[in-house]
Amino acid sequence: MALTVPCMKPVKTFQRQLQGFLWKSFFCISTVDIVKVKPPKKIRRKKQNMKAFDESMSWEDRLADAVTPLWRLSYDEQLHIKQQNQENILKQFSSKLSHLILAQQSPVVNDTSGFSVLPIMPSPVRDCYRNKSTFSVNKGVDGNPKTVGFYVGTGRDRNIICVNGDHLLNMPEKHKQVARCYQEFIRLSPLDSCLLFHKGGHWREVTVRTNAKGHTMVIVYFHPQTLVPEEIAIHKQALVDYFTKGPGAICELYSLFFQETSMTRCDHEESPYQLLYGQAHIHEELLSFKFRISPDAFFQVNTAAAEVLFTVAREMCFPEGAADRVGGTLLDVCCGTGAIGITLSPAVEQVVGVELVPQAVEDARHNAALNGVLNCQFLAGKAEVILPRIVPQLSSSEEGSGGGGVVALVNPARAGLHYRVVRALRNQPDVRRLVYVSCKPDGEAMRNFIELCCPPDPQKKLTGEAFTPRVAVPIDMFPHTQHCELVLLFER
């Protein structure tokens, strides 16, 4: 089964570029050279917010500049800035790696003098693309503490102002509508909003999730403080009545969840999501596969761009298999709810996903069954514990079938991979190709890149053969912001 994005000319162009690259020496094409470069300009959000407000700007423009700082530019200009930022980050990586190799004078490391950075892949949808938004509650411009929106300012400077997001280009109208209704509801409620836990109050954030069919899931977060269950039940019923029989019925909710928590963030196991109304899940379709979305499930916030991302990942993992099954095993590390592994499953004999969160593994198994995918298995636990045990088994199972070996794909959160996970991948000789998907390559992921490619270091227990960076592809998952995803191919 071919994994392609219909009517996506940029993806086809990328496939030709990448396939051509992988069959040539990367010295013969445009590369990122090792040069002395200045560190990439980072978004120093805290310092920016600490500056005095420009009184000539409206609060709406101040918020737009904080949440979507590129909104004033044309989309071509946005892509140009992101391309430059990613190239600067990768130049910094190359420079650090080069200096490390020279310092250690290692003769056994692959030549890492450069690697290709292909042009950034644009998002098919540029406005209203978010399928998940979380709105905060705090004091608004008029001083009302029951204002629902996004922050301008910082808690450190005690100048936080909550501004509604009706004008933000990346938010769909349905999300804005729910935020407006939730604001009206909490302003009608006799309970206070919870701005600081130790100062009391109850109503907190609201999260809105939507899918392509228009189904809307809402999760309301609530601090119980000293209320007893019977008292909380009254306010839960008021919330249901407002969104089903009252003014909030205009939102046509598919699901309404409620979470009682005295912590900033907690998962379903720590504090269960209570279904007050509607269905327990919404579903989304991605590359002809269907996925169940739970209240706390991770799913890429830009569904259309996620199809581009997954197609790029597939071409990097299996460049020689344009459409047919190429065999072998895909090791999906930090697999979450299984989206990438399931969409890539037609290309391999088997997919093995590893994920720390048990609930995510349960969702991944459900999603595989939902799509009739039989060659996926998902394991719950720490990757650094699981990988050394399973990779040799996967490799030995390929020998008798003439399979394509083991390809690893990692898609960690912004914090990057735990160093023991990097060590486990580095020290498994059967993993010859590794695809790294990073949403913050200038953060902890940079350390991961260095540890994958540096000379062997017995002190860090990095004894395996070093990987060589081959090609990188930026993908614009977040139009109007300075963020994008970066997909890197490492080989050895």
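Biologist: How many of the 8 residues of helix α11 (residues 419–426) are buried?

Modeller: Buried means under 20% relative accessible area, with exposed over 50% and partly exposed in between (1.4 Å probe, protein chains only). Helices (H or I, at least four residues) and strands (E, at least two) are DSSP runs, numbered from the N terminus. In helix α11, 6 of the 8 residues are buried, so the helix is largely enclosed by the rest of the structure. The buried residues of α11 are Val421, Val422, Arg423, Ala424, Leu425 and Arg426.

Biologist: What kind of model is this, and how are residues numbered?

Modeller: This is a predicted model, in which local features need pLDDT of at least 70 and side-chain atom pairs count only at pLDDT 80 or more, while totals for chains, interfaces and linings use all residues. Residues are numbered from 1 along each chain as its sequence is written, and side-chain values use heavy atoms, with hydrogens and water left out.

Biologist: Is Arg292 buried or exposed?

Modeller: Arg292, which lies in strand β11 (residues 289–293), counts as buried because its relative accessibility is 11%.

Biologist: With which side chain does the side chain of Arg292 make a polar contact?

Modeller: A polar contact is a pair of N or O atoms within 3.5 Å; within protein, one must be able to donate a hydrogen and the other to accept it, and residues adjacent in sequence count only if both atoms are side-chain atoms. Here the partner of Arg292 is the side chain of Asp363, at 2.6 Å. Contact means heavy atoms within 4.5 Å; leaving aside neighbours within four places in sequence, the residues in contact with Arg292 include His281, Glu362 and Leu370.
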